[in-house]
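My notes follow in the order in which I looked things up.

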Amino acid sequence: MEPILQVENLTKQYPGFTLDHISFSVPRGTIVGLIGENGAGKSTTLKAILDLIRKDDGTVCLFGQELTEDRKDIKEDIGVVFDGIHFHETLTPKKVEKISEAAYKQWDPQVYQSYLRQFALPADKEIKTFSKGMKMKLSIAVALSHDPKLLILDEATSGLDPVMRDDILDVFMDFVQDESHSILMSSHITTDLEKIADYITFIHKGKIIFDKSKDELIYDYGIIRCNSSQFEKLDKEDILACRKRDYQWDVLVANKEKAARKYKDYVIDHAAIDDILLLYVKGDVLS
C-alpha cells in the first residue's frame, strides 16, 4: 500500500546547519516517531514537509501527490500541532471554533465540542488564562476536529502531566485504528513513542541515522556492559556505537541474542530508545 507520506532527499541549508537529503516514509495506519537531540533537524523537517519553509531539494508526497503551496485540498487533510499555541491569547475556545469552522470545509463542531469536554477545557475562558498543558490540549482538539487523514505533531505531549499524556496517547492510538489515518510525531519523550509508535526515525545533525520498526529496536537491540579488556576482544563489526563511562564500556549491538551466544561471559542488557539515542549522540559510531 502506498505510504500516506513519502519524503525523498529532503534538503534545507542554513548557515551552520544542513538538513541533508533525508528520506523516510509514513505507512498508512501507523505512527512514526521522529527522534533526535535538540537542533538535530526535527522541526526543520516537519516545517519543510508542511511547506512552511522552502526546501532546497527533494520531494514531499502526501496521499500520493506532491505538496505545493497551492494544494489547499491536501492541506485540509493534515492536522498539525506544534509545541506552543498558535492562536491569539485573547481568544476563547468558542471563538477558535468559529475561526476554524471558516478555515476548514470538513470542520465538525460536534467532534470539537466532545474534545473540549474530554479535555476539560472551558469554552468561554481566554487562552491566556490556560496552562501550557491546556493550550496543548486545545491545539490537539482543533487538529482532530476537521477530519484529517494525517496528524503531524511536534512535541504534542510536552507540558502535560503523566495522566493526561496517557489519555492523549490513547486518543492518538484510536485515531490510527482506521487504517487510512497516520501520525508523524516528533517527541523527546521516548517512553511515549515506546508505547504507541510503530516505526522510529532517528535524525542526528541533519542526517537520518536509522528508520526502523520500534519492535526491532526494543526487542532486538541490546547493550553490552564490559570492562576495557573485554571491550578489546569484541568484534568491531558487531558494534553499532560505543561509549566509555569511567571503567565501563557501553556497547550497542543490533542483535542481543546473537551477541549473548557469541559473548557468553558478558553482561548484555535491554536497550531502551533513550539508550540507543544517547549512545549514537554521545558515543562513537563504528558502523
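I call a residue buried under 20% relative accessible area, exposed over 50% and partly exposed in between, with a 1.4 Å probe and protein chains only. Helices are DSSP runs of H or I with at least four residues, strands are runs of E with at least two, and both are numbered from the N terminus.

This is a predicted model, in which local features need pLDDT of at least 70 and side-chain atom pairs count only at pLDDT 80 or more, while totals for chains, interfaces and linings use all residues. Residues are numbered from 1 along each chain as its sequence is written, and side-chain values use heavy atoms, with hydrogens and water left out.

Entry 1, helix H4.
I looked up which residues of H4 (109-118) are buried and found Tyr112, Tyr115 and Leu116. They lie on the same side of H4 because they cover an arc of only 105 degrees around the axis; the arc is taken over the directions from the helix axis to the C-beta atoms. An α-helix has 3.6 residues a turn, so residues three or four places apart point the same way. On the face turned away from the buried side I found the exposed residues Gln110 and Arg117.

I then checked what the buried residues of H4 pack against: helices H3 (93-103), H5 (132-144) and H6 (162-175). Contact here means heavy atoms within 4.5 Å.

At the start of H4, I noted a side-chain oxygen of Asp108 within 3.0 Å of the backbone nitrogen of Gln110. After H4 comes Ala120, with a positive phi near 55 degrees.

Thr45 is in helix H1 (42-49), and I count Thr45 as buried because its relative accessibility is 0%. Not counting residues up to four places away in sequence, Thr45 touches Leu10, Leu19, Ile22, Phe24, Leu34 and Ile203.

With neighbours within four places set aside, I list Lys12, Tyr14, Phe17, Leu19 and Ile53 as contacts of Thr44. I also read 23 Å between the C-alpha atoms of Thr44 and Val142, 98 residues apart along the chain.

A nonpolar core is a set of buried Ala, Val, Leu, Ile, Met, Phe, Trp, Tyr and Cys residues joined through side-chain atoms within 4.5 Å. The largest has 52 residues, of which Leu138, Phe172, Ile183 and Leu252 touch the most other members. H5 gives the most to this core, with seven residues. I noted a second, separate core of 28 residues, including Val60, Leu62, Leu67 and Ile203.

Definitions and conventions
A polar contact is a pair of N or O atoms within 3.5 Å; within protein, one must be able to donate a hydrogen and the other to accept it, and residues adjacent in sequence count only if both atoms are side-chain atoms.
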